[in-house]
Amino acid sequence: MRVIPAVDVMDHQVVQLVGGVPGSQQIVMPDPVSVAEMWIEKGARYLHLVDLDGAFGKEGNLPVFKRIAEECGVPVEIGGGIRSRETVEDLVCAGIDRVIVGTKAVKDPDWLAEMADDFPDKIVLSMDTKGGRIAVKGWQEAAELTVQDMFERIEGLPLAAVLNTNVDVEGQRKGIDACQARDFISRCPCKVIASGGVTSFEDARILSEAGAEGAVVGLAMYTEVIRPWEWDLPWEA
């Protein structure tokens, strides 16, 4: 399992929010490109780029994300406010390894199926959960579909993966919800990238043994609560 650093961008700066709540920034860094370069210099082999501005309906950061993909030399996945075929196609054509879709995909499963079929193994479905429900629109609303409903909708689709961020523990540095993570991973019909609460090697080990393909980590790495670049197998568990 690979550990993937998160580069979340809001107001064109790298931030780390608690529970996705604007104004709860624990980290603010002005230059997304230099932050990406910092993680690569420490040994990162993959980057998770999130456009929080796009997710909240503001002017997005896709141009700087494309620059990171072009200049930094490692594959990246990009998410946040991606709700049109044109944007998906633009990012795939720009060489982005994976495109993460959330709100539009959950609210319009037919669109998700079309994107998955037209861009096989390039689409990651973001199924963020809050209080056991799927959270959409920057984690501000609960979706009508249940988690199990969505699992049934994506059965057989050529998705690259499903990204599950547990908003209830995101950014709190208290560890993962192991029961929730194991349950989600065991029931999901696709590969799972886990996110939310990873603050120790033990958290990463639990996710790896549960079958997660990757773990996205933010605040715990920015504050060096965990230092995966010092593990015996850097960025892997």
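This is a predicted model: local features need pLDDT of at least 70, side-chain atom pairs count only at pLDDT 80 or more; totals for chains, interfaces and linings use all residues.

Student: Which element gives the most to the lining, and how much space lies in the largest pocket?

Tutor: Rolling a probe the size of a water molecule over the atoms shows where empty space is left. Here the largest pocket holds about 150 Å³. Helix α8 gives the most to its lining, with four residues. By class, the lining has five charged, four polar and two nonpolar residues.

Student: How many residues does the largest nonpolar core have?

Tutor: In soluble globular proteins, nonpolar side chains tend to be buried together. In this model the largest nonpolar core has 71 residues, and Trp39, Val88 and Leu112 are among those with the most contacts inside it. A second, separate core has ten residues, including Tyr46 and Leu163.

Student: Why is the pair of Phe151 and Phe184 edge-to-face?

Tutor: A pair of aromatic rings is described by the distance of the centres and the angle of the planes. The centres of Phe151 and Phe184 are 5.1 Å apart and their planes stand at 70 degrees, so the pair is edge-to-face. Phe151 belongs to helix α7 and Phe184 to helix α8, 33 residues apart. Both Phe151 and Phe184 are buried.

Note on methods. Residues are numbered from 1 along each chain as its sequence is written. Side-chain values use heavy atoms; hydrogens and water are left out. A nonpolar core is a set of buried Ala, Val, Leu, Ile, Met, Phe, Trp, Tyr and Cys residues joined through side-chain atoms within 4.5 Å. Buried means under 20% relative accessible area, exposed over 50%, partly exposed in between (1.4 Å probe, protein chains only). On a 1 Å grid over the protein atoms alone, a cavity is a set of points where a 1.4 Å probe fits but cannot get out, and a pocket is an open set with protein on both sides within 12 Å along at least five of seven lines; lining residues have an atom within 4 Å of a point. Grid points are joined across faces, edges and corners, and a volume is the space filled by probe spheres set on the points. Helices (H or I, at least four residues) and strands (E, at least two) are DSSP runs, numbered from the N terminus. Ala, Val, Leu, Ile, Met, Phe, Trp, Tyr, Cys and Pro count as nonpolar, Asp, Glu, Lys and Arg as charged, and the others, Gly among them, as polar. Rings of Phe, Tyr and Trp (its six-membered ring) pair if their centres lie within 6.5 Å; planes under 30 degrees apart count as stacked, over 60 as edge-to-face and the rest as tilted.
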